[in-house]
Amino acid sequence: MSKKIVVIGAGTMGNGIAHTFAQKGFQVKLVDVSEEALQKGLKTITANLDRMIAKGNLSDEEKTGTLRQISTFTKLEDAAGNADLIVEAATENLDLKLKIFKQMDELAPENCILATNTSSISITKIASVTSRPEKVIGMHFMNPVPIMKLVEIIKGYSTSKETFDEIFEMSKTLGKVPTEVNDYPGFVANRILMPMINEAIETLYNGVAGVQEIDTVMKLGMAHPMGPLQLADFIGLDVCLAILNVMYDGFKNPKYAPNPLLVNMVTAGKLGVKSGEGFYDYAESKKAEKVSKMFLK
């Protein structure tokens, strides 16, 4: 089974994916154009490992071993030469992903599988810019990656059975529950989740109830672990908007059209936890504590 992994993007999803592979003994090369982003990613991985130790789920030796498995690079050409699998975890932007996949295809060995962590963009479209569409696949991890069990495994039109089977089995070795999904806008998770979040924003926009009231109804009435507006803050309102736009463009159905309040908040830079303010206020001094309590129990 593939053991040499390259992860592109050291942000929230990228560092979580790198952490997860490294903890299971894979050699991981984490790539980002910014050295600052790489160091921030490593700091996050270290903090999450420390949290696992504090909860008795990891030993100091396992933490040391995990960090030893990760090396960082600012140039893909320096990392991709002997990769068995490259996982792209860049921003949810089609043009950026197409550019990255062209580069991945040029630099990676012939037998290397090219995966994307996209949460909504067509795998078939991404694969079309490569010379190996049969080796392109979607691995949509859930956030926070080290904790959440689900991975959507998305087949493009040309994805081979061999590629699918290898990634499906590899996901199991990561301790995840892989789920087979076909290539349609939003896949399964976001095709169901994003309209719910959008409807919660619509409910707020129309003055039916306030932020906390809407989230309370969904948590206590529908047994959701967190309300949709709080979840949107954690995902990132810009990410929610991007996914809704992908689905709206893909289906041409008005039910996927982003609510004007969401558009305005993203335009104003109110992106949720990552910017310090969204539907809730995340003061810098409280941000890490709130996030850890909500998601890393």
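Predicted model: local features only at pLDDT ≥ 70, side-chain atom pairs only at ≥ 80, totals over all residues.
In general, most residues other than glycine have a negative phi. The side of the story you can check by eye is burial: Phe 187 has a relative accessible area of 4%, and because buried means under 20%, Phe 187 counts as buried.

Now compare Lys 252. Its phi is also positive, near 55°, and again this is a residue other than glycine. You will find Lys 252 in the loop between α10 (237–251) and α11 (260–267). Is Lys 252 buried or exposed? Lys 252 is exposed, with a relative accessible area of 62%.

One more backbone detail while we are on loops. The peptide bond that runs from Asn 143 to Pro 144 is cis, and its omega is near 0°. Pro 144 belongs to the loop between β6 (136–141) and β7 (150–155). As a rule, most peptide bonds are trans.

Let's move to the strands, starting with β1. Strand β1 covers residues 4–8, and four of its five residues are buried. On one side, β1 pairs with strand β2 (residues 27–31) in the parallel sense, over five bridges. If you want to find one of these bridges on the screen, look at Val 7, whose partner in β2 is Leu 30. To get from β1 to β2, the chain passes through helix α1 (residues 12–23), and this β-α-β crossover is right-handed. Strand β1 also runs parallel to strand β4 (residues 85–88), with four bridges joining them. There, Val 6 has Ile 86 as its bridge partner.

Next, the nonpolar core. In general, nonpolar side chains in soluble globular proteins tend to be buried together. Which residues touch the most other members of the largest core? Out of its 34 residues, they are Phe 21, Val 28, Leu 85, Met 139 and Phe 141. Take Val 28 as an example: leaving aside residues up to four places away in sequence, Val 28 touches Ile 5, Val 7, Ala 18, Phe 21, Ala 22, Gln 69, Ile 70 and Ser 71. There is also a second, separate core of 27 residues, and Ile 214, Leu 237, Leu 262 and Leu 271 are among them.

Finally, the aromatic rings. How many aromatic pairs does a search of the whole structure find? The search finds three. One of them is Phe 21 with Phe 26, an edge-to-face pair at 5.2 Å centre to centre, with 90° between the planes. Phe 21 is buried at 0% relative accessible area, and Phe 26 is buried at 2%. The charged end of Lys 3 sits over the ring of Phe 26, 4.5 Å from its centre.

Another pair is Phe 164 with Phe 168: the centres are 5.4 Å apart and the planes meet at 35°, so this pair is tilted. Both residues lie in helix α6 (residues 161–173), four residues apart, which is about one turn of the helix. Phe 164 is buried at 9%, and Phe 168 also counts as buried, at 19%. Over the face of Phe 164 lies Lys 155, at 5.7 Å from the ring centre.

How values were computed. Residues numbered from 1 in each chain as written. Heavy atoms only, no water. Core = buried A, V, L, I, M, F, W, Y, C linked by side-chain atoms within 4.5 Å. Buried < 20%, exposed > 50% of the residue type's maximum accessible area, 1.4 Å probe, protein only. Contact = heavy atoms within 4.5 Å. Phe/Tyr/Trp six-rings, centres within 6.5 Å; stacked < 30°, edge-to-face > 60°. Helix = DSSP H or I, 4+ residues; strand = E, 2+ residues; numbered from the N terminus. Lys NZ or Arg CZ within 6 Å of the ring centre and 35° of its normal. Pairing = 2+ DSSP bridges. Right-handed = clockwise from strand over helix to strand, strands pointing away.
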